[in-house]
Amino acid sequence: MTHERGKSDGLVVPTKQPNEVAEATEEAAEGRSSAKGNADERDACRTQSRNQHAHNGLDRVREAARRNKKERFTALLHHVTIERLRTAYLALQREAAPGVDGVTWDAYHTALDENLRELHGRVHSGAYRAKPSRRVMIPKADGGEWPLGIASLEDKIVQRALVEVLNAVYEMDFLGFSYGFRPGRGQHQALDALAVGILRRNVNWVLDVDIRGFFDAIDHGWMQRFIELRIADRRILRLIQKWLSAGVLKDGMKTVENTGSPQGATISPLLSNVYLHYVFDLWVERWRRRIARGHMVVVRYADDVTLGFQHEAEARRFLSDLEKRCSAFGLELNAQKTRLVRFGKIATRQRAVRGEGKPETFDFLGFTHICGKSRAGRFVLFRHTSKKRMRHRIQDIRSELMRRRHLPIPVQGAWIHQVVRGYFAYHAVPTNAGCLALFRSEVTRAWLHALRRRSQRSRIKWDRMSALAERWIPRARILHPWPDERFDARTRGKSPVR
């Protein structure tokens, strides 16, 4: 049976195509013929017609990028206009922590027009200088820490404006199974694509890939070469190089490395997608086309990668080839976290016949994926909130409630309502009702503990606590549709999985 592949489905199926079909470019070292750049365009000013003119300018960039995958754009910086800088500034979080320069959103707003004009002039004249990121360590759910780089306000503004321009090019290149940090795509779309792939394809093995310290391991030399495959505007290339070499500031010490892109920088998600597009996406598409004989599913959200295979031998060969591929570009797989597990409806039957018990589980984007059965005996993919993620979130809530325990109860209740509602907005997927109810129960207990610590005389009973919980803590209920329903609605029948 032959299926047509689509770029919007996020699933890779084993369609064997004729050898005459042109292959996607994937090696940065391959030669590239120079192509015409986009036509020059005047900077836009603050009028409706000019804004429409700027919008149409990026539309022409998108069309040129779509028509010719080898087009190199020689003039893009003029799309970074004052109005685009203004839009980028207004999209920033007002309460975000300042960078090394200490400039806040409110302080910059006091003379916004003048500041943006001056910033625009420095960007286009080459006088703009990137500042080092301020590094802070953020605790992880597994007990470790990951470094967060806080960029200066002007760096955030310019990066956000430039990302909008570069997206006009790269959104025409990125493949369908790439979901992380892309316009119109999100974590639940990646989760849906993975679930539908497991349910509708003959997936017997799941490969959970973990790249060790990916953001810190990005090689600047390869990154620059990858960018130059599409971008020939020297001013933009210099901007990106300035951000990559700006370094980080921690405890008053500045360090500059030849690898890494600070997590937290606005430009980092796009750069990471470009890096993995050439290192992983195009390569895995070629691997599937040339080598795979069975069904194969690929879903990538930033550096979180999960693949499904029909045959164990192909899964193990892919893992071996992936290790070599990553090594060639300065990346390394985390052997402790990269796992190949038997998983899926057929795997469930096979393990039951052999008396091996239930299949192993794996985590992806905060959910533990479990093989289960419906009451009718049919295979069901259960998705439960990861225990580590839930435990870490409850600990954070306990600590914050203790800090807020002397505030009026309605103030505490309003905060808890907001936190639980936000938690449910992400985790309230079908088959996860039990975990949602457990989370609500643990939050209620944490609140009761904090209220009882308000004073030695506090004797709040469960009946009053139940009333407070009923008043302020939302009840657990499923908010998301089944993954196949949402996947089919989004792809509108264009998916080859149908």
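Trainee: What percentage of the 498 residues of the protein count as buried?
Mentor: In this predicted model, 50% of the 498 residues count as buried.

Trainee: And how many helices and strands does the protein have?
Mentor: There are 17 helices and eleven strands in the protein.

Trainee: What share of the contacts between residues at least 6 apart in sequence join residues at least 24 apart?
Mentor: That share is 74%.

Trainee: Turning to confidence, what is the average pLDDT of the protein?
Mentor: The average is 86, and 86% of the residues score at least 70. Over residues 1-50, however, the pLDDT is below 50. That stretch still has 129 contacts in the model beyond near neighbours in sequence.

Trainee: Let us look at the open sheet of four strands. What is the strand order?
Mentor: The order is E6-E7-E3-E8, and the pairing is antiparallel. Strand E6 (296-301) and strand E8 (339-342) are the edge strands, each pairing on one side only. On average, neighbouring strands of this sheet are turned by 15° against each other, direction ignored.

Trainee: What holds paired strands together in general?
Mentor: Strands of a sheet pair through backbone hydrogen bonds, either parallel or antiparallel.

Trainee: How many bridges join E3 to E8?
Mentor: Four bridges join strand E3, residues 205-210, to E8, and the two run antiparallel. Within this pairing, Asp208 has Arg339 in E8 as its bridge partner.

Trainee: Which helices lie across E6 and E7?
Mentor: H6 lies across E6 and strand E7 (304-309), at about 165° to E6. Helix H10, residues 268-290, also lies across E6 and E7, and runs at about 180° to E6.

Trainee: A new topic: the backbone. What is the phi of Phe181?
Mentor: Phe181 has a positive phi of about 55°, although it is not a glycine. Phe181 sits in the loop between helix H5 (153-170) and helix H6 (187-200).

Trainee: Is Phe181 buried or partly exposed?
Mentor: Phe181 is partly exposed, because its relative accessible area is 46%, which falls between the cut-offs of 20% and 50%.

Trainee: Where is Thr431?
Mentor: Thr431 is in the loop between helix H14 (409-427) and helix H15 (433-452). Its phi is near 75°, a positive value in a residue other than glycine.

Trainee: What about the cysteines: how many disulfides does a search of the whole structure find?
Mentor: The search finds zero disulfides. Cys326 is buried, with a relative accessible area of 4%. Cys371 is buried too, at 7%.

Trainee: Finally, what is the accessible surface of the protein?
Mentor: It comes to about 24300 Å², of which 49% belongs to carbon and sulfur atoms.

Conventions: Residues numbered from 1 in each chain as written. Predicted model: local features only at pLDDT ≥ 70, side-chain atom pairs only at ≥ 80, totals over all residues. Heavy atoms only, no water. Buried < 20%, exposed > 50% of the residue type's maximum accessible area, 1.4 Å probe, protein only. Contact = heavy atoms within 4.5 Å. Areas by Shrake-Rupley, 256 points an atom, 1.4 Å probe, with all protein chains shown as cover. Disulfide = S-S within 2.5 Å. pLDDT = per-residue confidence, 0-100. Pairing = 2+ DSSP bridges. Axes fitted to C-alpha atoms, helices over the stretch in contact; angles between N-to-C directions.
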